[in-house]
Amino acid sequence: MRRVWFGLAASLSLAACEGGLPQFGAGDKAAGGKKASTAQGQTEATVTRNKVRIIGVDGFCVDPVSTRSSAAQAFLVFGNCAAITGNPDQPQPYLRAVATATVTSSGITGEGSVRPQVANLNAFFRTDAGRSRLSRSGDASLVDILDGFTDDGALFLHVKDTSPAAFEGAQDTYWRSYFDAGNSVVAASIIGFSETPVSKSEGLDVLRNFVDRNQRAPAAIAPVIGEKPAGDRLLGRLFP
């Protein structure tokens, strides 16, 4: 059992080192005097071979430039709908932040991986090994767990990481959650900007909303062919 949940922790930590985050963050501003766009934002995306639908919270749209998906895993970035589309008539969130979600296939239809291991994951991420997995640089000494708790099978962590920023102007404290969406595992983060920091309560409120939308009613899920990979095999696949 320990080997399995350690492998799960390793796969979940991939969200800490995802690159290619958006450049629109500094630009919730109007589109530089150009004629306003009439584009409509994409508020959700269906990803991976599991066909899991990930839904953004109010005012957040998928950034098509930063988002990428394969059969086994997807990385999605959600930002200000008006900024992404260049259309000031599109909705905007009440706080300046970026939401990210890493989605990993975890087993056969209907099977989750986080819920039965959530207490172990909570304990693991408070160890040196766990904090190194959370760190963008892999350095545990640069990560502090400021707060954390489990709720209804999901893990919530308030993290401070002084490693190089995930994107220009990113706040070094953020909320992250790990939870099951059907037969897939999701690692979601709410990251603010250092010039306009997101407060602890604001970040948690938005993240809770995101988890609730995606944990409760994942979209149509297609079966995965084959057996569920063991934790060590999953780790090897994600970290060659």
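The legends below describe close-up views of a predicted model.

Local features are given for pLDDT of at least 70 and side-chain atom pairs for pLDDT 80 or more, while totals for chains, interfaces and linings use all residues. Residues are numbered from 1 along each chain as its sequence is written, and side-chain values use heavy atoms, without hydrogens and water.

**View 1. Phenylalanine 78 and phenylalanine 210 form an edge-to-face pair.** The structure holds six aromatic pairs (ring centres of Phe, Tyr or the six-membered ring of Trp within 6.5 Å). In one of them, the rings of phenylalanine 78 and phenylalanine 210 have centres 5.9 Å apart and planes at 75°, where edge-to-face means over 60 degrees. This pair joins distant parts of the chain, with phenylalanine 78 in strand S5 and phenylalanine 210 in helix H5, 132 residues apart (helices are DSSP runs of H or I with at least four residues, strands runs of E with at least two, numbered from the N terminus). Phenylalanine 78 is buried at 0% relative accessibility and phenylalanine 210 is buried at 2%, buried meaning under 20% relative accessible area with a 1.4 Å probe, protein chains only.

**View 2. Serine 135 lies in the loop between helix H4 and strand S7.** Serine 135 is buried, with a relative accessible area of 4%, and a polar atom of its side chain lies 3.1 Å from the backbone nitrogen of aspartate 139.

Technical notes: Buried < 20%, exposed > 50% of the residue type's maximum accessible area, 1.4 Å probe, protein only. Polar contact = N/O pair within 3.5 Å; in protein donor to acceptor, adjacent residues only side chain to side chain. Phe/Tyr/Trp six-rings, centres within 6.5 Å; stacked < 30°, edge-to-face > 60°.
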